[in-house]
Amino acid sequence: MRYTDTIIFVKSGQKHYDPDLGEMVATEPTTIQRDCRITSPSFEKSALVFGDLRTNNIIVHMKRIYKDTYDYCLIGKRKYFFVTEKLINNRQVIVLKGDVS
């Protein structure tokens, strides 16, 4: 299997109150880029796994397991959110749901 696609895991910055500014301030989000293989489920598999024909779900195959926490993922310029994951030997399979907006 070739890992030719790129995924960016994004963890949002922490918010805290800055008394000098008198408002809430957020730190910059941290991003980590990893190589992966991205596939889309077929209509039959989508109906079997998700119960309907969702076309905004994707399956990400990671060669190395990513253990850090993240808020969302970026693939291209589109945002994806975590649905489920499965660990198979030393590989990780993550199912992500695309942002509706």
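Predicted model: local features only at pLDDT ≥ 70, side-chain atom pairs only at ≥ 80, totals over all residues.

Visitor: Which element of the chain does Glu85 lie in, and is Glu85 buried, partly exposed or exposed?

Guide: Glu85 lies in strand 7, which covers residues 78-88. Its relative accessible area is 41%, so Glu85 is partly exposed.

Visitor: What joins the side chains of Glu85 and Gln92?

Guide: A polar contact of 2.4 Å joins these two side chains, of Glu85 and Gln92. Another way to read the surroundings is to compare sequence with space: Glu85 and Val95 are ten residues apart along the chain, and their C-alpha atoms are separated by 6.0 Å.

Visitor: How do strands pair in general, and which residue stands opposite Glu85 in strand 8?

Guide: Strands of a sheet pair through backbone hydrogen bonds, and the pairing is either parallel or antiparallel. In this model, strand 7 and strand 8 pair in the antiparallel sense over eight bridges. Within strand 8, the residue opposite Glu85 is Ile94.

Visitor: How many residues lie between strand 7 and strand 8?

Guide: There are two residues between strand 7 and strand 8, which form a hairpin. In the turn, Asn89 has a positive phi of about 55°. A hairpin is also formed by strand 2 and strand 3, with four residues between the strands, and there Gly22 takes a positive phi near 75°. Strand 2 (residues 15-18) and strand 3 (residues 23-26) are paired in the antiparallel sense over four bridges. In this pairing, His16 has Val25 of strand 3 as its bridge partner.

Visitor: Let us return to strand 8. How many of its residues are buried?

Guide: Six of the eight residues of strand 8 (residues 91-98) are buried, so this strand is largely enclosed by the rest of the structure. Leu96 has its place in strand 8. With a relative accessibility of 0%, Leu96 counts as buried. Setting aside neighbours within four places in sequence, the contacts of Leu96 include Ile7, Ile58, Val60, Cys73, Phe81 and Val83.

Visitor: What separates the C-alpha atoms of Leu96 and Val60?

Guide: The C-alpha atoms of Leu96 and Val60 are separated by 7.5 Å, while the two residues are 36 residues apart along the chain. The pairing of strands may be read alongside this: strand 5 and strand 8 pair in the antiparallel sense over six bridges, and Ile58 stands opposite Leu96 in strand 8.

Visitor: Which other strand may I study as a partner of strand 5?

Guide: Strand 4 (residues 30-39) pairs with strand 5 (residues 57-62) in the antiparallel sense over three bridges. Here the bridge partner of Arg37 is His61 in strand 5. His61 has a relative accessibility of 18% and counts as buried. Beyond four places in sequence, His61 touches several residues, among them Met1, Tyr3, Cys36, Arg37 and Gln92.

Visitor: What do these pairings look like in the structure as a whole?

Guide: Six strands make a closed barrel in the order 1-4-5-8-7-6, with antiparallel pairing. From one strand to the next, the twist averages 45°. The protein chain has one helix and eight strands, and from the N terminus on its elements run β-β-β-β-α-β-β-β-β.

Visitor: Since cysteine has been mentioned, how many disulfides are found?

Guide: A disulfide is a covalent bond between the sulfur atoms of two cysteines. A search of the whole structure finds zero disulfides. Cys36 is in none, and the nearest cysteine sulfur, that of Cys73, is 9.0 Å away.

Visitor: What percentage of the residues of the protein chain count as buried?

Guide: Of its 101 residues, 28% count as buried. The accessible surface of the protein chain comes to about 7,500 Å², and 49% of this belongs to carbon and sulfur atoms. Finally, among contacts in the protein chain with a separation of 6 or more, 53% are between residues 24 or more positions apart.

Methods
Residues numbered from 1 in each chain as written. Heavy atoms only, no water. Disulfide = S-S within 2.5 Å. Buried < 20%, exposed > 50% of the residue type's maximum accessible area, 1.4 Å probe, protein only. Polar contact = N/O pair within 3.5 Å; in protein donor to acceptor, adjacent residues only side chain to side chain. Pairing = 2+ DSSP bridges. Axes fitted to C-alpha atoms, helices over the stretch in contact; angles between N-to-C directions. Contact = heavy atoms within 4.5 Å. Areas by Shrake-Rupley, 256 points an atom, 1.4 Å probe, with all protein chains shown as cover.
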